[in-house]
Amino acid sequence: NKEQQELKNKTKNDEVKKTVEDEINKRNNEKSTKKILYHQTKVESLEDFNESNRQAGLSDTSTPKGIFLKDTDEDIGLAGKNQLKMEATMEKPLNVKDRKELKEIVSKNNERYKNIIENEGKTDDYYSKLNDDIEAKIDKLYEKEYNATGEEKQRLKTQIDNLMLQQDDVLDQWTNSGKNIAKVAQSEMTRTLKSLGYDSVILEEDVGSFGRKVKSYIVFDVKQLKQIK
C-alpha cells in the first residue's frame, strides 16, 4: 500500500544518505601530513607569493582562500607556466569529491555563505539585462547611422560612442561585482572550514576549463608550504 511504499522510499533514501556520509567520513579519516606537490604560477619562487597580487580565482565562490597545488608538474592550462615543487603540510584536510560537495558542507555551517550562493545568479541576471539593453540600443543606432548623412550621421555616431562607454562601465561593474561577491564568499568559506578544525581542502575531482579534471589541494596558509629547489 501507499504507507509501505513511502516507508520503503524513506528507508532507501536514508541508506543512500548514510552511504554518502560514510564515504565522506572515510575520506576524511585518511591522515595527510606532509606531501610533495606542485603549484603552477607566474612567479619564480615561494618568496614572491603575495595575496594582493593574486589574479587567479578572483571570481570563484566555490573554493576557499588559499594556495592551489597538484600531484604532478604537468601543465594544466593556466597562464603561469612555472611549476614550483613544494612540501605541503596538511595536518587536518577536508577531503571532498568536488566543489559541489564542498559548497554543500560550508552552506550547512554558514548561513551567510549559503545566501551568497543562492543569490549569486541574480547579480548576473541584473548585469546581463543591462548589457543586453545597451547592446540593443547600439544596434538600432547603427542601422540609422548607416543611412544617415551630414550632421545627423555625426550626431548618431556620438550617441553610439556614449552608449559604448556606458556598456564598458556596466561590464566593469559586472566584473567587479563578481570579484567582490567572491571575496566575501571565499573569506566566509575559509573562516568556516578553519572553525571546523580544517587547515586545507583536497578536491578529488576539480574540473577546470576545457573539461580538464585534476586532483587539487588547497592549503590555507603559505606557512604550510616549503619550496623544494
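**Basis.** I worked from a predicted model in which local features need pLDDT of at least 70 and side-chain atom pairs count only at pLDDT 80 or more, while totals for chains, interfaces and linings use all residues. Residues are numbered from 1 along each chain as its sequence is written, and side-chain values use heavy atoms, with hydrogens and water left out.

**Fold.** I looked up the secondary structure and found four helices and seven strands. Helices (H or I, at least four residues) and strands (E, at least two) are DSSP runs, numbered from the N terminus. Their order from the N terminus is α-β-β-β-β-α-α-α-β-β-β. I then checked contacts, meaning heavy atoms within 4.5 Å. Of those between residues at least 6 apart in sequence, 80% join residues at least 24 apart.

**Burial and surface.** I noted that 32% of the 229 residues count as buried. Buried means under 20% relative accessible area, exposed over 50%, and partly exposed in between (1.4 Å probe, protein chains only). The protein exposes about 15,100 Å², of which carbon and sulfur atoms supply 49%; the areas come from the Shrake-Rupley method with a 1.4 Å probe, and for residues only the protein chains shown count as cover.

**Salt bridges.** I took a salt bridge as a side-chain nitrogen of Lys or Arg within 4 Å of a carboxyl oxygen of Asp or Glu. By this rule I recorded ten salt bridges.

- K81 pairs with D75 at 3.1 Å, N to O. K81 is partly exposed at 48% relative accessible area, and D75 is partly exposed at 41%.
- E188 pairs with R112 at 3.1 Å, N to O. This pair links distant parts of the chain, with E188 in helix α4 (residues 150–195) and R112 in helix α3, 76 residues apart. E188 is buried, with a relative accessible area of 8%.
- K215 pairs with E204 at 3.7 Å, N to O. K215 lies in strand β6 (residues 213–219) and E204 in strand β5 (residues 200–207), so the pair ties together parts that are eleven residues apart in sequence. K215 is partly exposed at 28%, and E204 is partly exposed at 28%.

I also recorded a network of salt bridges linking D60, R99 and D206.

**Negative patch.** I found a negative surface patch formed by D132, E135, D139 and E143. Patch residues have over 30% relative accessible area and no salt bridge, and like charges are joined within 9 Å. Asp and Glu count as negative, with the charge placed at CG of Asp or CD of Glu. E135 is in helix α3 (residues 111–147) and is partly exposed at 34% relative accessibility.

Key:
Patch = residues over 30% accessible without salt bridge, like charges linked within 9 Å, V, L, I, M, F, W, Y side chains within 5 Å.
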